[in-house]
Amino acid sequence: MDYIIGIDVGTTSTKALLYDLNGKIYGKSNKGYKLYQTLPDMAEEDPEDIFNATLQAIQEVIAKANLEDGRVVAISWSAQQHSLIALDDNFNPLTRTFTWADNRPEKYVAEYKQNGKGMEMYRRTGLPIHPMGPVYKLLWLKNERADIFNKTAYWVGIKEYIIWRYTNELKEEISMAAATGLLNIKSLKWDDEILREVGITKNQLPELVQPTYKIKGIRPEYAKVMGLDEDVYFVMGATDGALSTIGVGAIKPGVLAINIGTSAAVRSFSDKPAIDPKGRLYCYPIMEGKYLIGGPINNGGIIFSWAHDALFGAEKETAKLLKMDSFDMLTEIAKKVPAGSDGLIFHPYLGGERAPLWDANARGSFFGLNRSHTRAHMIRSVLEGIVFNLYSVTIALKEFTGEPKEILAAGGFVQSSLGRQMLADVYEHDVVIPESYESGSLAAMFLAKMSLGLENKLEDISKYIGSEKRYTPDETVYEKYRKLIPIYIRLSRELSSEYKNIADYQREFANTEKE
Ligand code: ADP
């Protein structure tokens, strides 16, 4: 029997899933790595750590499945967006990988917002004006790390680097290229004008290919240790954003995909480019006639995890003793409080925010506290704040997609029935939860099947997605949310003038350095 590995190189870990050609899962492996944050606004990872994580994950998933009766025919790749690595002439890294969360280019982002060049680049590429973008990381490196910038022979992202390590071929598929801010949204080629602006040339970038492009063969030394045939195919795959949208089946324009994992996103496919005059949304070409529009949100499940660790340490211990999932215990506590948390509002902007604020200085807050509020109110308002924030991004998205035809939701947060129902109530719309939990790897596997000529069109992924659960809005609840959400949105506008002041204060006086 033939198998395909769908592998997802995330920001915190790499997950590999082994599928047969019918989409049945035969094994999973997950390997984490360190995020370096020893300087303010820094968020780097070591490419060697990530490469080793992919190697171990693939090795482990194959070993565990004990494939006596078959072989892996393809490995297909999903990966984090916006990473950047400088390589020398021999393809050796001169830097770690700068992740999307590295905010050090902020000064150049502010300058490009001010002088209008940022908006012009957004119109040409679909990448919002934000330090996550490799284009801004290049400006920062050119101006502040000229020693590295001038020595760099090639600029790549983590997926391109890893595939090069395995295959000796340096290629980049268009969805990942779009997320660099260097790809012209109309021509689907590297944008000469922007390359000139940042001071690099096309020769320093990988050759552009389609997500279904496949490379045959792996360096023999890796084939051996990983238990792979030397003629295995490496399928380029796409960004995690594109693949997790495809993997829940949100392929037709107007179908909304919500993902709340560590971060969060709301996305929809469009058959033509959609550039937001206010610059709030990205628009990335993925493949022929398919553009992904949406808003990336920093503060998803990571905020629930923060509340879980910072406010509910005792419950965490109790859950351990009771052998209960501690997140489930907290959602049970939150259920005791009515929808709307009796008027307690939480803004989840603990790590700055991309959509909808695009402000790296944004900070969180509880608002409306009175003496009747308890920690149960606090945890419910944290969950509601995460969902309200997503909803406020969706308001911008709806200007392009119209009212959603369907809403599909995935990610760790929708493991809880409270989270699912909250989405339906806030959106006042049915919310469908597909069974396939690992949507990114599933879609990577599907792209490999397309690449091998075993499938023809993206829409056919639906047969691998499995059964769905539907959640319907509750009228008595959404009327409360209708009154609270406008306050939530107005409040974030009111607070925005103070975000920089408090962030500057924290940079000066608070010890935010983390190992
Ligand atoms: P990633 O994006 O890193 O793959 P996941 O999709 O696994 O993340 O989601 C992780 C998040 O899911 C955690 O940060 C946490 O907030 C949330 N989560 C984990 N378990 C539960 C649960 N039982 N109920 C609700 N939310 C949960």
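User: Which backbone does an oxygen atom of the ligand sit 2.7 Å from?
Analyst: In this predicted model, an oxygen atom of the ligand lies 2.7 Å from a polar backbone atom of Gly 301, and an oxygen atom of the ligand is also placed 2.9 Å from a polar backbone atom of Gly 412.

User: And what about the ligand nitrogen, which side chain is 2.9 Å away?
Analyst: That is Asp 328, where an N or O atom of the side chain is 2.9 Å from a nitrogen atom of the ligand.

User: How much of the ligand's area does the protein bury?
Analyst: The protein buries 79% of the 580 Å² that the ligand exposes when taken alone.

User: Which elements build the shell around it?
Analyst: Two or more residues each come from α11 (301–310) and α13 (326–335), with α11 giving the most, 4 residues. The shell holds 16 residues, with Thr 262 and Ser 305 among the closest, and by type it divides into 5 nonpolar, 8 polar and 3 charged.

User: Switching topic, how much space is in the second largest pocket?
Analyst: The second largest pocket holds about 620 Å³ and is lined by 26 residues, with Arg 280, Pro 356, Leu 357, Trp 358 and Arg 493 nearest its centre.

User: What is the make-up of that lining, and which helix gives the largest share?
Analyst: The lining of this pocket divides into 14 nonpolar, 5 polar and 7 charged residues, and the largest share, 7 residues, comes from α18. At least two residues are supplied by each of α2 (106–114), α14 (375–401) and α18 (475–509).

User: Which domains does it draw on?
Analyst: Domain 1 (2–242) and domain 2 (301–393 + 476–508) each contribute at least three residues to the lining of the second largest pocket.

How values were computed: Residues are numbered from 1 along each chain as its sequence is written. This is a predicted model: local features need pLDDT of at least 70, side-chain atom pairs count only at pLDDT 80 or more; totals for chains, interfaces and linings use all residues. Side-chain values use heavy atoms; hydrogens and water are left out. On a 1 Å grid over the protein atoms alone, a cavity is a set of points where a 1.4 Å probe fits but cannot get out, and a pocket is an open set with protein on both sides within 12 Å along at least five of seven lines; lining residues have an atom within 4 Å of a point. Grid points are joined across faces, edges and corners, and a volume is the space filled by probe spheres set on the points. Ala, Val, Leu, Ile, Met, Phe, Trp, Tyr, Cys and Pro count as nonpolar, Asp, Glu, Lys and Arg as charged, and the others, Gly among them, as polar. Domain bounds come from an automatic or database domain assignment. A residue is near a molecule or strand if one of its heavy atoms lies within 4 Å of it. A polar contact is a pair of N or O atoms within 3.5 Å; within protein, one must be able to donate a hydrogen and the other to accept it, and residues adjacent in sequence count only if both atoms are side-chain atoms. Accessible areas come from the Shrake-Rupley method with a 1.4 Å probe; for residues, only the protein chains shown count as cover.
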